[in-house]
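Hello,

Here is the structure I promised to pass on. Please look it over, then read the notes on its salt bridges below.

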Amino acid sequence: MIKLGKGFFAGIVMGALAALALTTLVRVSRPALTKEIVAKIGDEVLKEDELRKKVISDLIPIETDQYVVRARGVTDWLSTRLFEKEAKSEGVTLEELYQKELWSQVRVSYQDILDTYTKTRELYGKEPFESVSPVIASQLRAGEYARVKAEYLEKLGKKYNAQVLLKKPEFLVEGAALPTLNAPNVALPRPAEPLPRPAGLPPPG
């Protein structure tokens, strides 16, 4: 049983699937493998645990992929149900809940956009600020939305005592992580709205 501690949903929402490198394979646990016989020649037998040892390098990516897919399903269900429970508790629709708890907390200022453009200007070549600012604004807004959603899901997980009971594979790759997981039916970041230019702000140079 795994209780949703601090950072669980943050890791899910913000995390990325690590590359699976068999050279960094680590033993996670020592499960009791079955002694079932899977092949035999006369009195000589091949048991399930022996077979597994022979093919473990091929099984690891398969089992890890299966775990990631199943974990995505678990997390989607948890996220959706937590939003639905809270909306019902508050007596509001899901859209109203998203607006109140998520969108109202997403704040991206003109200065944030300008600062990002200044720090990463080499990425945009000769493109002027005016032409790339909507893209930067959308990226910043998406990142802020993800952060707000992760923090809010952490709060809801504690409130409703959410738990993950899904077992991990017997073997994992060191550093392997869940992919980015977004709860279904949750509004995606909206296109950036035009932001007013503060008085006295010098033109980007």
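Lys-159 is partly exposed, at 48% relative accessibility. (Buried means under 20% relative accessible area, exposed over 50%, and partly exposed in between, with a 1.4 Å probe and protein chains only.) Its salt-bridge partner is Glu-86, at 2.9 Å from N to O. The two sit 73 residues apart, Lys-159 in helix H5 (residues 129–159) and Glu-86 in helix H2. Glu-86 is buried, at 5% relative accessibility.

A word on terms and source. This is a predicted model: local features need pLDDT of at least 70, side-chain atom pairs count only at pLDDT 80 or more, and totals for chains, interfaces and linings use all residues. Residues are numbered from 1 along each chain as its sequence is written, and side-chain values use heavy atoms, leaving out hydrogens and water. A salt bridge here is a side-chain nitrogen of Lys or Arg within 4 Å of a carboxyl oxygen of Asp or Glu. Helices (H or I, at least four residues) and strands (E, at least two) are DSSP runs, numbered from the N terminus.

How many salt bridges does the structure hold? There are 9.

Another one pairs Lys-35 with Asp-49, at 2.9 Å from N to O. Lys-35 lies in the loop between strand S2 (25–27) and strand S3 (37–41), and Asp-49 in helix H2 (residues 48–90), so the bridge ties together parts 14 residues apart in sequence. Lys-35 is exposed at 54%; Asp-49 is buried at 9%.

Glu-101 also bridges to Lys-100, with the closest N and O atoms 3.9 Å apart. Lys-100 is partly exposed, at 48% relative accessible area. Finally, shared partners join Arg-52, Glu-63 and Glu-170 into one salt-bridge network.

Best wishes
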